[in-house]
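Here's a quick tour of how one chain is built and how its partner sits against it. Have the structure open as you read.

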Amino acid sequence: MSDDQQSQSRRRLIKSLVFVPMGAGAAAALHQGLPNANASATAPAEGKPNPYTPKFFNAKEWKFVIAAVDRLIPHDEHGPGAVELGVPEFLDRHMQSPYASGSIWYMQGPFLEATSEFGYQGKLPLKDIIRVGIANVDAHCVKTFSSKAFADLDLRMQEAVLKDLEGGKIKLADISSKQFFADFLAETRAGYFSDPSHGGNKDMGAWKMIGYPGMRGDYLEWVKIRDKPYPLGPVDLAGRRG
Amino acid sequence: MAIVKEKKDAVIVGAGWVGAIMAKELTDAGLNVVILERGPDRDTQTDFAYPRVIDELEGSVHRKYLQSLAQETVTIRHNLSTVAVPKRRMGSFKPGTGVGGAGSHWSGVHFRALPEDLNLRSTMEQRYGKKIMPAGMSIQDFPVTFEELEPHFSHFEYVCGTSGKAGVLNGKVVEGGNPFEGSRSREYPLGPNPDYLGGEMFYKAAREMGYHPFPIPASNTSASYVNPYGCQMGPCNFCGFCSDYGCLNYSKASPNINIFPVLRGRKNFEMRTLAQVLKVNLTADGKMATGVNYLDAGGQECEQPADIVILGAFSLYNVHLMLISKIGPAYDPVTRTGTVGRNYSYQNLNRVSLFFDKNVHANQFMGIGGGGTAFDDLNGNRNDPTKSGFVGGGVIWARQPGGGPVRGIATAPGVPNWGSDWKKGAKDAMRHSFYYEVQGSCMAYDDAYLDLDPNYKDAFGRPLLRMTFDWHDNEIAASAYLVDKAQEMCKVLNPLATKGDAKKPGTHYNINQYQSTHTVGGAIMGADPKTSALNKYLQSWDVPNVFAPGANAFPQNNGYNPTGMVGALAYWCAKAIREQYIKNPGPLVQA
């Protein structure tokens with residue numbers, strides 16, 4: 001999707017989120033959570049992320065996360081985007097979970113090279129794959145695009161970088177670009193679609209978009225209906241209706 | 001020094017289906033029994049309660065109900081000349097942990113074996129001659145017949161409240177069921193579940209193609225049910241959370257719902273959870289087991305003496321324990337001698353997704369793990385290898401175990417993985433697509449086996465189990481043939497698009513993506529102690545007070561899911577222990 005298809009207000013929201021000036025003002029804005037005061041003043045009609053102070057990601061990483069998830073799942077005519085549904089918050093919270101520290105992965109060496117059929121064979125747990133990957137991608141962008149970090153590129157360039165990461169066309173310093181991209185995309189999707197209690201999918205917006213009834217868990221009366229769309233909206237783990 | 005516990009008549013490793021069945025049967029016989037389960041205790045009301053249990057992030061990303069690979073995993077390589085690397089993340093197969101084991105997070109598909117599956121080698125040789133088998137294919141007959149197992153298949157279905165329709169009842173073909181199945185002594189305890197749209201469409205297409213579709217036998221209850229042990233089940237409500245999840249509704253059969261309620265509280269039964277068994281202890285001459293050593297919840301090493309040791313762990317870990325404990329000679333793929341590790345095989349699963357427009361309400365979110373429609377026209381004896389080009393067969397089905405967006409939405413061909421077009425593709429697919437699966441058999445080969453890894457250890461300091469496995473030409477040919485048949489059926493239904501994944505020449509086994517948890521073999525049952533680890537009663541040829549009645553016992557894998565067969569083998573084994581072994585301990589078959 002191109003920048004032109006986005007609404008003016010949407011563009012203002014994203015810009016207000018990612019172009020946080022570094023320094024005391026930025027620190028204050030991050031401390032208060034995003035978006036900063038200026039973004040609140042120009043709050044767009046389609047909603048804005050709740051104030052959230054990242055605890056895992058630092059300021060540079062946070063800029064990357066917001067920019068990247070907005071490209072992976074943009075706001076568009078099909079439904080809400082990752083940023084407005086709180087996927088950055090999900091990612092920050094998820095990176096602090098035991099899972100992201102490798103609690104259920106086999107993490108012992110030796111670490112040998114193997115073909116892709118054998119999956120990830122490196123020594124990093126998920127949180128470090130994400131962190132190292134972000135630093136590597138930003139370093140690549142700074143080197144390639146006149147000192148601009150990923151978040152500072154225009155949207156088309158960001159999409160081009162993501163495509164190249166996905167296809168393994170960019171050689172990152174410390175990690176396979178394909179591996180980083182696959183894990184980052186999987187995490188982004190998980191945040192977009194998982195229960196709102198995990199920080200993303202605010203107001204069940206992603207479920208409403210695809211027509212997923214969430215945690216209803218009871219379709220005995222509907223399984224034989226053939227001629228009508230399922231009529232009920234989603235329910236989340238907390239019992240809220242979307 | 002290990003803390004020595006009070007001696008039991010029998011110690012059982014693992015609280016899955018095998019552990020539960022053996023504990024029930026052996027306590028019924030008056031033995032004092034203890035189960036050692038590596039994971040936590042689990043029960044429906046406490047651990048599978050709605051809605052918490054169906055959190056997709058916890059169940060399908062954090063793998064809450066599966067084994068943590070941080071403690072134990074396997075290493076994998078494609079052939080003998082390469083170095084194996086660990087399965088670091090959960091992928092192609094999903095062992096469970098905790099009370100219920102894989103029997104709590106399975107789907108519920110509950111097949112028996114076909115009669116000819118049990119004497120596959122001799123059937124092939126009689127019909128097509130010995131040359132039909134390619135070099136290196138090491139398939140064998142089971143040393144037990146369908147007729148011997150029939151009462152046990154039947155009993156297990158009644159324990160599980162299996163829903164289905166008989167196809168052959170007391171020798172007579174019955175309309176509506178599978179006409180190719182072995183003769184049943186009685187109907188299923190419950191009738192079939194209602195079918196989904198995808199299953200109905202599959203049924204129509206199969207009939208048009210001249211196949212014989214039937215409802216998949218499902219241990220997901222189609223009605224309220226009380227099993228022979230007095231355990232109550234409620235009708236399945238299609239919640240869409242079977243695979244990866246415990247059942248919130250007392251509807252999907254599990255050891256937790258169907259057996260353990262009658263065991264808990266029995267004076268001659270004890271369950272110890274968070275008890276990691278490390279090895280089976282043998283006498284100095286290695287000819288008898290004296291019990292097992294395990295780590296208790298606090299990490300203390302304990303010794304549990306027992307007269308009988310039942311290995312009821314996941315198939316791979318049964319083999320691991322036998323290798324670690326030196327129960328029987330390890331298989332050597334070069335000399336083709338030794339028995340433990342021999343004939344490891346898997347399942348040849350392939351999927352075809354069908355995408356429709358918005359007036360086809362497939363509603364993937366509704367689901368029932370075992371429900372749907374299948375046909376066996378290309379399975380077992382119906383497949384002629386001289387025409388198809390492969391030995392074995394497979395079942396083709398439309399199954400809808402329930403899809404959620406975190407588990408993944410399969411999108412139509414050409415849809416990218418992200419961006420606006422992906423959003424549109426996911427939206428279109430969620431409610432208006434479904435899939436067919438081709439679940440093929442997997443033959444055994446001289447070079448597909450299990451042994452101990454020389455480089456990697458588990459969290460307890462033991463060598464990991466090493467798996468040497470890759471797809472052989474026979475299975476690649478089967479995949480291409482069966483997926484092609486499934487694609488032909490798709491055409492009858494006029495979908496907007498289809499997406500299939502037949503294996504191509506040169507396709508290697510991939511450990512990343514989920515394929516099937518049906519990993520079998522490695523400690524197989526057989527008639528010859530030179531080529532099998534277990535005799536026809538699932539008793540170790542080498543250490544006769546050790547029994548291992550799991551999927552490890554399959555000499556090769558048929559086209560069906562293994563659970564029905566595993567349950568029947570456990571009851572068959574228990575009967576032999578109760579009626580023969582207890583009175584006269586020792587080898588039940590003379591080598």
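This is a predicted model: local features need pLDDT of at least 70, side-chain atom pairs count only at pLDDT 80 or more; totals for chains, interfaces and linings use all residues.

Chain A is helices through and through: nine of them, with zero strands. Of its 242 residues, 57% count as buried. When you look at contacts between residues at least 6 apart in sequence, 59% join residues at least 24 apart. The accessible surface of chain A comes to about 10500 Å², and carbon and sulfur atoms account for 54% of that.

For a closer look, pick A:D128, which sits in helix α6 (residues 126–144). A:D128 has a relative accessible area of 24%, so it counts as partly exposed.

Now for the interface between the two chains, in numbers:

| Item, chain B and chain A | Value |
|---|---|
| Area buried between them | about 5700 Å² |
| Salt bridges | three salt bridges |
| Polar contacts (both at pLDDT 80 or more) | 32 residue pairs |

On the chain B side, α12 (420–432) is one of the elements that supply at least two residues each to the face touching chain A.

One of the salt bridges pairs A:D76 with B:K423, whose closest N and O atoms are 3.0 Å apart. In all, 67 residues of chain B are in contact with 68 residues of chain A. B:R88, B:R89 and B:W418 supply 16% of the area that chain B buries against chain A, more than any other three residues.

Note on methods:
Residues are numbered from 1 along each chain as its sequence is written. Chains are lettered from A and ligands numbered from 1 in the order in which they are written. Side-chain values use heavy atoms; hydrogens and water are left out. Helices (H or I, at least four residues) and strands (E, at least two) are DSSP runs, numbered from the N terminus. Buried means under 20% relative accessible area, exposed over 50%, partly exposed in between (1.4 Å probe, protein chains only). Contact means heavy atoms within 4.5 Å. Accessible areas come from the Shrake-Rupley method with a 1.4 Å probe; for residues, only the protein chains shown count as cover. Buried area is the accessible area (1.4 Å probe) that two parts lose on being put together, summed over both. A salt bridge is a side-chain nitrogen of Lys or Arg within 4 Å of a carboxyl oxygen of Asp or Glu. A polar contact is a pair of N or O atoms within 3.5 Å; within protein, one must be able to donate a hydrogen and the other to accept it, and residues adjacent in sequence count only if both atoms are side-chain atoms.
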